[in-house]
Amino acid sequence: MARIVILGAGIAGHTAALHAKKMLGKNHEIVVISPNSNYNWIPSNIWVGVGKMNKEQVVFPLAPVYKRKKIEFHQALAQSIYPEGLNGSKPFVEAKITGPERNGEVERIEYDFLVNATGPKLNFAATPGLGPDGNSVSVCTSGHAVEAAAKLEDVIAKLKAGQRQTLAIGVGHGTCTCEGAAFEYTFNVDHELRRAGVRDLAEVVYITNEHELGDFGVGGMVFSQQGFQTSSKMWTESLFRERGIKAILSAHVSKVDPAVIHYELVDGTIGELPFDFAMLLPPFRGVDLKAFDASGADISEKIFAPSGFMKVDADYSGKPYEEWVASDWPKTYRNPLYPNMFAVGIAFAPPHQISKPRKSPNGTLIAPSPPRTGMPSGIMGKTAVLSIKEILKNGESGHIPTASMADMGAACVASAGSGLTHGSAASMTMYPVVPDYQKYPNTGRSLDDTYGEIGLAGHWIKLLLHYMFIYKAKARFGWFLIPE
Amino acid sequence: MNDPMEDINRAPLPTEKTLKQRKNVLMQLMRFAAINIKMIKMIRKGHHPME
């Protein structure tokens, strides 16, 4: 009997846990370690952040699901991995209990296979004054989103009282990812201001590290529409113009004071953006996880990239951006030193940016990090489990499955306003997520499968996905029939 | 300092007809079906870890 330990219970980890139980649970032990007691369907935090959903609609307790599925659940924060064990023991993880019982105690959980799906550390500290403990709000967690909604309500009240307000929305550092979420929040806020009848008194400014609108950290997209190739840049600019939203591009936010965002542009210009409300997403880094060998020596540098994310089967040689190829991206998500360790979702270290990285004359890096959330995360989580299943059955000579982001599509529905008859969203598909210029020389992606459209239908799809994926995460009847 | 705001004044604006189509429930029901088909097709193409 093998013990499969999964760190994290987000989209990647929770998907891996449910599939592991279904595929391997009869003969093997499945263990989940997560510091959080709740599952959070993060894509819908946007709606919590504008007060259209409450927190309870986007979270549910994990323990009852895991109890019903007979998955062992430890509410604990993984702190150290011992992939060789210690003093002759099996490999294990040390985790600090965060649940109400035995809170603060450190426990040792042995494993045969480890799936690292910890997600990111929200690195608000990278920018002074950034985040809910500073001078801006966030929608990264359901709690943050509740706070954002309350502050937005205050701003709307001031607008109704006739006071002009500036709302700055975007990313809070030059190396942030998840620009799509910032885009969604911008348009949802715009939508709510219009619904409240106060849009004319509000200035909405999108501040981003993207070099062009529509980049979304994936280098933008090219669509085929009505006989022409069009770009996500043109498409997004059109939406910004239509809604009267201003944009500051190629920006590194260096500091957030109580009412002023300080930023540097890629041309070296230093600027200030006064605000009354600021929702700025933080940059991500790997969680605070260390690794030690059998002698107790710290081997974290061998296991993790400088960003703190776990190294997997990618090309980390650090070649120039212009030289990268799609095959640099990981396929199996196995750690090269300890192949019984996998890192999936945000937890794996990407080999390089997808969007072109740029530096200001002052040497400040302004480079959107590659998104690896949502659908790709779920696919990676399932792929890790399929690999473990294959290894358990046929050993290393078996056919280990692959799921490179350069051979994986993604569907993304970016909400632009909520409401069954007046909502809208940008529905996008792209294939592959990581452009492959050898396979698709001009555009990097398949024109047949890369697509974008704005309309009410997109809102219905986003709403459908909300209910469908929460149903799936609750492991209700037939959950496995819903694709990642 | 120059205006830091991106100049998008020449970005194409949707026509009234397009804006209405984006909100028209009947038309959007058809688009709902069409987008779902596109998404399912794309998911099938890029969602086959064993192959």
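Helix α9(A) passes α2(B) in a right-handed crossing. The model is predicted.

On the α9(A) side, the contact is made by A:Leu456, A:Ala457, A:Trp460 and A:Ile461. α2(B) contributes B:Gln28, B:Arg31, B:Phe32, B:Ile35 and B:Asn36. Sorted by class, six residues of this contact are nonpolar, two are polar and one is charged.

## Sheet in chain A

Chain A contains an open sheet of four strands with parallel pairing, in the order β14-β11-β10-β18. Its edge strands are β14 (246-248) and β18 (277-281), each of which pairs on one side only. From one strand to the next, the twist averages 15°.

Strand β10 (residues 165-171) and strand β11 (residues 202-207) of chain A run parallel and are joined by six bridges. A:Gln165 has A:Ala202 in β11(A) as its bridge partner.

## Helix across the sheet

Helix α5 of chain A, residues 179-195, lies across the strands β10, β11 and β18 of that chain. The helix runs at about 160° to β10(A). Of these strands, β18 is an edge strand of the sheet, while β10 and β11 are the pair joined by six bridges.

Notes: Residues numbered from 1 in each chain as written. Chains lettered and ligands numbered in written order. Predicted model: local features only at pLDDT ≥ 70, side-chain atom pairs only at ≥ 80, totals over all residues. Left-handed = near helix turned anticlockwise from the far one by under 90°. Helix = DSSP H or I, 4+ residues; strand = E, 2+ residues; numbered from the N terminus. Contact = placed C-beta atoms within 7 Å. Nonpolar A, V, L, I, M, F, W, Y, C, P; charged D, E, K, R; others polar. Pairing = 2+ DSSP bridges. Axes fitted to C-alpha atoms, helices over the stretch in contact; angles between N-to-C directions.
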